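Reader: I am new to protein models. Please show me how to read one, feature by feature.

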Amino acid sequence: MKYVKFNNTDLIVSQVCLGTVNYGTTTTEEDAKAQISKFIDEGGNFIDTAHVYGDWGDGPKSISERIIGRWIKENGNRYQLILSTKGAHPEWGHMDIPRVNKKCIEKDINESLTYLNTDYIDLYFLHRDDTNTPVAEIMECLDNARKAGKIRYYGCSNWSLKRIKEAQKFCAEHGLQGFSCNQLMWSLADINFYNLPDKTFILMDEENYKYCTETGLNVMAYMSIARGYFARLAVGEPLPSSVSDIYSNPSNDKIYKFMKSVVEDGRYSYIDLSFMYIMAEKNFPSVPIASFSNMEQLNECINCTKKSIPFDTIFQLSQLKKYVYFDNQ
């Protein structure tokens, strides 16, 4: 597997990040551990989780972190991993009560360290924002955790560009590390923002893309293959409304038509093109987060990392993409 050097850090990460959102819920602990082992054996080293992952299930809270922590304890190879986790998310079922403050951030960091069976987190994200909390309180808290050795670098997820700029400005003026990475919703498929059930998601759009290009801010893309939208179209699978409502639009019809012409010769799949679109980004380091329902999907992703794709193909895809499809007519 190839690797990506994150700007302004010493992090060298695999070009795909293993997503663990379903660990302990729809993915059993046995299957989750098998995925991690396979990913590491194939050269992967980057794993992403969150303190809230699995809280919607019947098991204990933070079950995804707990499973990863048990895998680390059983295998004893923490040194091989770049661990990313996220905290300060509202309690599950109480999205209206923000938790982005010094007390909650510190609590979540300490619990994540315990559950992950580690002394440090390589890349720590704030999972949401609270614009009522001053950036000074937030950034000083994160930087204090860094100075204490609990986290190495920190980033943001689902933060508006305005708040990112405000936070980075504060850090520059006060000698703090600042955000090293932005984790946001980004895929080849254009998104019907008005149909997203969670309007707190922040999407890659023209303004965010321009900012990352100008600053070199590292990016991790969640929902990076758009729930397999294009691949499911290709096999005629009936799409649930949770997928079609978000991704069915004229912009994606054009993208799909071009993708179909590319995959006809058999060298690439729709999933390949979806991953490669993110991995091929040259203006700033970008890594797709990939979650898998089974080992077959994981193997398909690993095989994708061994392929190369012509620049012209990526360029034509980028010309078709609109980022966010707001027109609901």
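Author: Start with contact, which means heavy atoms within 4.5 Å. Helices (H or I, at least four residues) and strands (E, at least two) are DSSP runs, numbered from the N terminus. This is a predicted model, where local features need pLDDT of at least 70, side-chain atom pairs count only at pLDDT 80 or more, and totals for chains, interfaces and linings use all residues. Residues are numbered from 1 along each chain as its sequence is written, and side-chain values use heavy atoms, with hydrogens and water left out.

Reader: Which residues of α5 meet which residues of α6?

Author: On the α5 side they are L161, I164, K165 and Q168. On the α6 side they are E207, N208 and Y211. This contact divides into three nonpolar, two polar and two charged residues. Ala, Val, Leu, Ile, Met, Phe, Trp, Tyr, Cys and Pro count as nonpolar; Asp, Glu, Lys and Arg count as charged; the others, Gly among them, are polar.

Reader: At what angle do the axes of α5 and α6 cross?

Author: Axes are lines fitted to C-alpha atoms, for helices over the stretch in contact, and angles run from 0 to 180 degrees between N-to-C directions. Angles under 35 degrees count as roughly parallel, over 145 as roughly antiparallel, 65 to 115 as roughly perpendicular and the rest as oblique. Helix α5 covers residues 161-174 and helix α6 residues 206-215. Their axes come within 10 Å and cross at roughly 25°. The two helices are therefore roughly parallel to each other.

Reader: Next, charges. How many salt bridges does the structure hold?

Author: Side chains of opposite charge can pair when their charged atoms come close. A salt bridge is a side-chain nitrogen of Lys or Arg within 4 Å of a carboxyl oxygen of Asp or Glu. The structure holds 23 of them. One joins E74 and K33, at 2.7 Å from N to O. E74 sits in helix α2 (residues 63-75) and K33 in helix α1 (residues 29-41), 41 residues apart.

Reader: Is E74 buried or exposed?

Author: Buried means under 20% relative accessible area, exposed over 50%, partly exposed in between (1.4 Å probe, protein chains only). E74 is exposed, at 54%.

Reader: Where do R163 and D129 lie?

Author: R163 is in helix α5, and D129 is in the loop between β6 (121-126) and α4 (135-147). They are 34 residues apart. Their salt bridge has its closest N and O atoms 2.7 Å apart. Both residues are buried.

Reader: What about K307 and D272?

Author: Their side chains meet in a salt bridge of 2.6 Å, N to O. K307 lies in the loop between α11 (295-304) and α12 (311-320), and D272 lies in helix α10 (residues 270-279), so the pair ties together parts 35 residues apart in sequence. K307 is partly exposed, at 31%. D272 is buried, at 2%. Salt bridges can also share partners: D10, R78, D122 and R152 form one network that way.

Reader: How many disulfides does the structure hold?

Author: A disulfide is a pair of cysteine sulfur atoms within 2.5 Å. The structure holds zero. Take C141: the nearest cysteine sulfur, that of C104, is 9.9 Å away. C141 is buried, with a relative accessible area of 4%.

Reader: Which residues is N192 in contact with, leaving aside its neighbours within four places in sequence?

Author: They are S244, D245, I246, Y247, S248, N249 and Y325. N192 lies in the loop between β8 (181-185) and α6. N192 is buried, at 1%.
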